[in-house]
Structure formats: C-alpha cells, structure tokens
Amino acid sequence: MSTSTFRTAVVRNPNGPDSIEIIDVPVTEPGPGEVRVRVAAAAVNPVDLGVAGGFFHQMGLIDQPHHTGLGWDFAGTVIAVGDGVDLAVGTRVAGMVGGFDRDFGTYAEQLVVPATDLAVVPDGLDLVEASTVPANGLTAAQILDLLGDAPATGARLLVTGAAGAVGGYVAALAPDRGWRVTGLARATDEEFVRSTGADFTTDTAPGWDAVADTAVLPQALDLVRDGGTLVGVRPGAAPEAERGITVHVVNVHADAARLSDLLARTASGELAARVHTAVPLDQVADAHRAVAKGGVRGRYVLRP
Ligand SMILES: NC(=O)c1ccc[n+]([C@@H]2O[C@H](COP(=O)([O-])OP(=O)(O)OC[C@H]3O[C@@H](n4cnc5c(N)ncnc54)[C@H](OP(=O)(O)O)[C@@H]3O)[C@@H](O)[C@H]2O)c1
C-alpha cells in the first residue's frame, strides 16, 4: 500500500463473485467528528452477496456512477482522528456502515467513519471475532426493540434461522425481554441452538405469539397466532398484515452504546463469537462463493 492510496473491494458491474474487483482509491483525511480506521477484519454477510450480485441495484436502492463499495462490518485500529474526537490513535474499535448506495465499504484497508458510530473493542476480544458482532448483533437487538417485552409470562417467540448470525443473537438476547424462545433450524444445528438457551424445532407448526423470521420463510406469517407479532428482515418485502397480526421489518442502524454491550458480552463468553475462518482480502470472491452455497456456520472474515 502506498501512503496516498489503499486497496478496497468493489463492484462496477455487479454480477456475482466474479465481478468483485480490488482497486486502489485515494486516502482521505477524517473530517470533524470522524476517524480513520486501519481495518483488520471485515465480516462477509449475506447482504454483501446481494450487493455483489446486483440484487439491490435491480431494486433501485443503489445508483453509483463508478463503483459500489462492499462490506458492512469492521474491526480495526484508529490511525487518525478529526477535530472534536476523543478517541486516541491506536484504540481498537469495531462498527458497522449501513445503507446500500455508497462507493466505499468495509472490505478495505482503511475506512473513514463517524466516531460516534464506533465502540471500543474490549481487551481480550480478537479483532476478527469483534468484526462479526456489529451488523448482526445490532440487527438482533433492534428486532427485539420492535418485538418489545413479552406480553405475558411465558409468551412464546419462534426464531427462524436460529443457527444463523442474526437468529443466533435473537435467540440468546430475547429472554432479556421475557420471551420464551424456540429456535427453528436445520436438524444438524440442534446443539448450537440449544447452547443459546433456546428450545429447538425443525417443524414449522403455527400458533406462536411472535415470530422473528431471520430465515425469510415464505410461510412466516402463517406461523403467528391471531393478534401476534411478526418481525421480518427484508425492508420493502414485508407480508401484508392479516388476522390482527402486527408486522414489523428491521432496518439495522449503528448504535455505539448497544454495540459496546454486545462486544462486552462476547468478550465474556456470554455471547458466542462466530468465526468460520479468516482469509486475506484477495480471497473475497472465493469467500462469497462459499457463503453462497449455504450451510456455513460462523462468518468468513476478510483480512485486508
Ligand atoms: N434488515 C436488516 O437490517 C438486516 C440486517 C442483517 C441481516 N439481514 C438479513 O437477515 C437474514 C439473515 O441474516 P444472517 O446473517 O443471520 O444469515 P445466515 O447467517 O445465513 O443465517 C440464515 C440461517 O437461516 C437458515 N435457514 C434458511 N432457510 C431455512 C429453513 N427453511 N429452515 C431452517 N433454517 C433455515 C440458514 O441455514 P442454511 O445455511 O443451512 O441455509 C442459516 O442458518 C438475511 O436475509 C440478511 O440479509 C437484514
């Protein structure tokens, strides 16, 4: 890396993993309230496969003239600070960059981000592990905000995709809000789902007080009892409400205080750190191909 440019993975003509390119872009200095981070780790999430595949371009959510940045999650080290920032150079931090329509992402050697979006990574938590927490941990926490407290003692929440990144966090965090949780996952995922403290099922039987549908099941609404609650994960693709059911869709946003709590609970071992493997940024296309096949548990993490 020269001092005036850094490497980043982007798509110009999104068409799946083969269309991902690594390019050099100019270094920018952090403005007021911003920091520049040397990215040590960036997790590969399903949303990144959607961006690289052109799904969000086709939906009209991305309109970049030159290239689109990839990656939402990151962990790294502060290397420069703008005016009004009280984080020291050298601090280990993690965060997420949201929104689809941007020419930069976290699959990059460097990133300039608002300091208020960052959480300090606790001592003892590896940056690779930390990079898997922000987007998915915060999505789960914000799903629980939408669900609210359990309406009655023993109210039953079904988490579909409970072995996934978001679902695993929802299963682990929902008892804080009084929910009795059952995780729906593949038969081979029973041990992990039960390790979150949840009950386990592979069955899509109806009658749940609430469903957090992180697996995006076509029949998710049918699983909710009359007057219950459904939380989906696909903005713009919520099912039409029926039978008095309240339907919400989560749209994750940065939240530094929440992220600090999630990182602390990961460092203590209360929440599982879910890393499949860490690979160099140059292997980004292979990582996308592997994730696209399904069945990967824990995240591929890119090391720029
Ligand atoms: N709206 C937002 O703000 C937001 C934020 C983050 C994520 N998301 C979305 O949330 C979804 C989940 O993300 P994630 O990162 O948790 O994905 P993930 O780690 O791939 O987890 C999805 C899980 O669902 C399982 N699954 C799929 N179909 C199933 C079925 N019929 N029965 C049982 N299990 C099934 C998958 O198993 P297999 O791997 O075996 O298929 C996988 O374990 C994605 O669509 C993502 O794009 C939305």
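Start by selecting D48, V51, G69, L70, G71, W72, G99, F100 and R102, which line the largest cavity. On a 1 Å grid over the protein atoms alone, a cavity is a set of points where a 1.4 Å probe fits but cannot get out, and lining residues have an atom within 4 Å of a point. This cavity has a volume of about 40 Å³, where volume means the space filled by probe spheres set on points joined across faces, edges and corners. Colour the lining by class and you'll get four nonpolar, three polar and two charged residues. Here Ala, Val, Leu, Ile, Met, Phe, Trp, Tyr, Cys and Pro count as nonpolar, Asp, Glu, Lys and Arg as charged, and the others, Gly among them, as polar.

A quick word on what you're looking at. This is a predicted model, in which local features need pLDDT of at least 70 and side-chain atom pairs count only at pLDDT 80 or more, while totals for chains, interfaces and linings use all residues. Residues are numbered from 1 along each chain as its sequence is written, and side-chain values use heavy atoms, with hydrogens and water left out.

Next, pick P46, T214, V216, R234 and R299: of the 50 residues lining the largest pocket, these are the closest to its centre. A pocket is an open set of points with protein on both sides within 12 Å along at least five of seven lines. This one holds about 1,600 Å³ of space, and its lining has 29 nonpolar, 15 polar and six charged residues.

Now hop to the second largest pocket, with about 270 Å³ of space. Select F6, V25, P26, T28 and F104, the closest to its centre among 15 lining residues. Which strand gives the largest share of the lining? It's β7, with three residues; strands are DSSP runs of E, at least two residues long, and helices are runs of H or I, at least four, numbered from the N terminus.

Stay with F6: its bridge partner in β2 is V25. Seven bridges join β1 to β2, which run antiparallel. Strands pair if DSSP finds at least two bridges between them. Zoom out to the open sheet, ordered β2-β1-β4, with β2 and β4 at the edges.

Just after α8, click G294, which takes a positive phi of about 85°.
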